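The exercises below work through one structure, each with a task and a stepwise solution. Keep the sequence and the coordinates open while you read.

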Amino acid sequence: MTTREIAGKTVEVNEEGFMTDPSQWDKEIAVELAKEEGIPELTPAHWKIIEFCRQSAAKTGAAPTLRNITIGAGVSTKELFALFPKGPAKKVARISGLGKPEGCV
Amino acid sequence: MTEENRKIAFICSKGTLDMAYPALVMGWAALGNGIDVTIFFTFWGLDIINKARVDHLELAPVANTSMKMSMMGVNTGNLGIPNIMGILPGMTAFATKLMKDKMAKLDVPPVREYLQMLVDGGAKLYACKMTVDMMGLKKDDFVDGVLDIVTAGDFIDMTEGAQIIFI
């Protein structure tokens with residue numbers, strides 16, 4: 001477990017760069033993490049998904065799977081992959097300040 | 001991120017319900033992690049993408065040593081389903097329903113929906129030409145998202161650098 005600075009705040013991250021304490025997350029951090037993941041700007045469509053992930057994780061204690069997201073946030077699979085290209089499972093979770101999704105679907 | 005994207009290719013050669021899922025589950029996980037996915041359906045595996053068969057994939061208890069009585073909710077430990085019972089009419093349908101119910105409980109989508117998810121996520125699906133010819137099938141017989149009917153040589157060409165998993 002190490003700490004790093006994102007958007008001027010010091011947060012705890014694991015060896016894969018996922019934040020380990022969701023309460024340290026805020027929207028400015030999300031914007032910076034998104035840039036690191038190759039997403040230059042977070043649009044309302046991105047935020048809708050991020051908000052859903054935050055709420056879902058607050059309830060279940062784990063980042064939602066892609067299928068949880070498509071059903072829960074009401075986005076299509078195509079849209080999800082277009083918004084977070086090349087690996088939405090990890091990208092969405094990391095930008096949302098959560099750990100890797102637990103679950104296979 | 002590496003410059004060259006990691007690639008995985010699955011060869012699906014079996015058409016039973018239990019053998020349809022491995023490529024779907026692993027392929028979906030791969031797409032979620034940004035890995036290119038190609039799936040080649042050959043021999044009985046063509047059932048998985050056959051419009052007329054995809055919703056009717058089955059699981060037979062005969063000669064299946066891993067299927068135990070306890071899966072039916074009877075507390076019988078390691079006692080298997082006797083083959084003699086497996087040959088009774090309706091046993092295959094029963095085992096199939098049992099598996100489908102268990103998958104549904106875990107929120108695992110049915111095969112047709114799962115395939116569509118993979119296609120929407122960018123997986124490339126192909127049917128094996130030799131088997132298609134042998135079984136007298138056409139591209140129209142396959143679900144949407146199957147890109148083409150290709151030869152084994154084409155498959156080898158298009159999966160250069162990929163990790164290949166045979167199921």
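**Exercise 1.** Determine how many helices and strands chain B has, and in which order they run.

Solution. Chain B of this predicted model has six helices and five strands, where helices (H or I, at least four residues) and strands (E, at least two) are DSSP runs numbered from the N terminus. Read from the N terminus on, the elements follow the order β-α-β-α-α-α-β-α-β-α-β. Finally, the C-alpha trace of chain B spans about 55 × 40 × 25 Å along its principal axes.

The model being predicted, local features need pLDDT of at least 70 and side-chain atom pairs count only at pLDDT 80 or more, while totals for chains, interfaces and linings use all residues. Residues are numbered from 1 along each chain as its sequence is written, chains are lettered from A and ligands numbered from 1 in the order in which they are written, and side-chain values use heavy atoms, with hydrogens and water left out.

**Exercise 2.** Describe the interface of chain A and chain B by its contacts, its buried area and its polar pairs.

Solution. Begin with contacts (heavy atoms within 4.5 Å): twelve residues of chain A touch 16 residues of chain B. Next, the buried area, which is the accessible area (1.4 Å probe) that two parts lose on being put together, summed over both, comes to about 1,200 Å², with carbon and sulfur atoms giving 60% of it. Arg67(A), Phe81(A) and Val105(A) supply 41% of the area that chain A buries against chain B, more than any other three residues.

Arg67(A) also takes part in a salt bridge (a side-chain nitrogen of Lys or Arg within 4 Å of a carboxyl oxygen of Asp or Glu), its partner being the side chain of Glu113(B) at 2.7 Å, N to O; the count between the two chains is one. On the side of chain A that touches chain B, the elements giving two or more residues are helix H3 (66-73), helix H4 (77-83) and helix H5 (88-95) of chain A. That side divides into six nonpolar, two polar and four charged residues, with Ala, Val, Leu, Ile, Met, Phe, Trp, Tyr, Cys and Pro counted as nonpolar, Asp, Glu, Lys and Arg as charged, and the others, Gly among them, as polar.Last, four residue pairs across the interface, both at pLDDT 80 or more, are in polar contact, that is, a pair of N or O atoms within 3.5 Å of which, within protein, one must be able to donate a hydrogen and the other to accept it, residues adjacent in sequence counting only if both atoms are side-chain atoms.
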